[in-house]
Amino acid sequence: MEQDKKFKAGFVALIGRPNVGKSTIMNNILGTKLSIVSPKPQTTRMRILGVKHDKDAQIIFLDTPGVQKGKDLLTKVVMESAVGSMEEADIIVMIIEADKGWTKEDEQILENYIKKLNKPTILVINKIDKMKDKRLLLPLIEESTQKYNFAEIIPMSAIKGENIDRFVDALKKYLPESPPLFPEDQITDLPLRFYIAEIIREKIFHNTRQELPYSAAVEVESIQEIEDKNLVVINAVIYVEKENHKGIIIGRKGQMLKKIGIQAREEIESILGKKVHLNLWVKVKPRWKEDIRLLKLLGYQY
Ligand code: GDP
Ligand code: MG
Ligand code: K
């Protein structure tokens with residue numbers, strides 16, 4: 001008998017506190033490193049769109065930044081794009097951490113966003129590998145069913161890939177019937193410029209650790225392909241808020257900037273499959289987080 005299951009396609013918004021594992025989940029599903037995963041919270045500032053292509057469905061992920069408090073313009077922009085993602089989405093996925101249970105912030109996300117949106121919502125209880133006592137999982141699921149009428153509750157370990165398949169199946173169940181919305185070869189619509197900026201920013205975070213928490217922004221000014229040499233020349237500026245931050249990024253005798261540049265270049269080369277010349281500059285720009293023009297340039301929607 002012919003199977004007449006129709007193709008499905010739609011948008012999924014991942015929402016949760018910083019560091020619950022949103023980027024890890026998405027990257028695990030897509031099998032490509034699209035958003036930046038780091039042990040520090042809030043390294044995903046942009047709304048990153050990843051597309052999962054399957055034979056029977058196309059799942060488009062809106063990787064919302066962690067819901068956060070703060071009065072600066074950056075926080076406001078980030079929050080607005082998070083809310084925008086949720087309003088566009090067909091399915092909401094709320095993520096909490098198994099070892100922490102329901103935190104006050106999780107409760108607030110539930111009250112302030114999830115309940116107001118009133119869309120099919122899947123609860124992911126992530127990081128079950130970190131639970132010391134597995135017997136606490138059932139009561140946590142039970143507690144969650146009391147809080148809201150979740151369409152599904154899925155315990156997961158994104159890092160170990162546990163229950164990812166079950167999660168994808170659940171998403172497909174709630175997606176609307178629709179023809180594919182993106183061409184098959186497209187895994188992201190994030191402009192290359194922003195993607196490269198994110199790679200550079202990730203290298204800054206990884207190399208500077210505690211010294212430079214969230215005060216660096218990267219603007220890729222130009223990407224020039226030199227066809228006959230199979231070469232791409234990229235110019236990028238790293239903005240920092242303070243003079244001493246500039247010193248940290250440049251490092252002794254320029255060693256830090258060199259290291260950041262090499263690591264970023266290697267990753268960009270592997271993605272583009274071409275040789276890359278990466279020129280990096282560091283500029284001090286006090287209060288860049290308040291600069292609307294710069295935020296727009298950096299790809300934050302406002
Ligand atoms: P996001 O801020 O919500 O996007 O969170 P990330 O995906 O960046 O993850 C934050 C941290 O949690 C990273 O160090 C991840 O490696 C880690 N992480 C994510 N998922 C899991 C998991 O299932 N188990 C464990 N043990 N760690 C995880
Ligand atoms: Mg993230
Ligand atoms: K993170």
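This is a predicted model: local features need pLDDT of at least 70, side-chain atom pairs count only at pLDDT 80 or more; totals for chains, interfaces and linings use all residues.

Start with Ala-170. Buried or exposed? Ala-170 has 20 other C-beta atoms within 10 Å, so it is buried, the cut-off for that being 20 or more.

Ala-170 sits in helix α5, which covers residues 164-174. What does Ala-170 touch once residues up to four places away in sequence are left out? The answer is Ile-122, Glu-152 and Ile-154. There is also a distance to Ile-153: 17 residues separate Ala-170 from Ile-153 in sequence, and their C-alpha atoms are 9.6 Å apart.

Next, Ile-260, which belongs to helix α8. Ile-260 counts as buried because it has 26 C-beta neighbours inside 10 Å. Setting aside neighbours within four places in sequence, Ile-260 is in contact with Lys-203, Ile-204 and Asn-207. From Ile-260 to His-206 is 54 residues in sequence but 8.9 Å in space, C-alpha to C-alpha.

That brings me to the helix pair. Two packed helices are described by the angle between their axes and by the distance between those axes. Here the pair is α6, residues 192-208, and α8, residues 255-272. Their axes come within 9 Å and cross at roughly 135°, which means that α6 is oblique to α8. The crossing of α6 and α8 is right-handed.

Which residues make the contact? On α6 they are Ile-196, Ile-199, Ile-200, Lys-203, Ile-204 and Asn-207. On α8 they are Met-256, Lys-259, Ile-260, Gln-263, Ala-264, Glu-267 and Ile-268. By type, the residues in this contact of α6 with α8 are eight nonpolar, two polar and three charged.

Now the chain as a whole. The protein chain has 302 residues, and 37% of them count as buried. There are nine helices and nine strands in the protein chain. Of the contacts in the chain with a separation of 6 or more, 70% are between residues 24 or more positions apart.

Last, confidence. The average pLDDT of the protein chain is 81, and 75% of the residues score at least 70. Where does pLDDT stay under 50? Over residues 33-46, and for that stretch the model has 44 contacts beyond four places in sequence. The scores for the model are ipTM 0.97 and pTM 0.66.

That is what I have.

Note on methods. Residues are numbered from 1 along each chain as its sequence is written. Chains are lettered from A and ligands numbered from 1 in the order in which they are written. Axes are lines fitted to C-alpha atoms, for helices over the stretch in contact, and angles run from 0 to 180 degrees between N-to-C directions. Helices (H or I, at least four residues) and strands (E, at least two) are DSSP runs, numbered from the N terminus. Angles under 35 degrees count as roughly parallel, over 145 as roughly antiparallel, 65 to 115 as roughly perpendicular and the rest as oblique. A crossing is left-handed if the near helix is turned anticlockwise from the far one by less than a right angle, and right-handed if clockwise. Two residues are in contact if their C-beta atoms, placed from the backbone, lie within 7 Å. Ala, Val, Leu, Ile, Met, Phe, Trp, Tyr, Cys and Pro count as nonpolar, Asp, Glu, Lys and Arg as charged, and the others, Gly among them, as polar. pLDDT is the predictor's confidence in each residue, from 0 to 100. A residue is buried if 20 or more other C-beta atoms lie within 10 Å of its own, exposed if 12 or fewer, and partly exposed in between; C-beta atoms are placed from the backbone.
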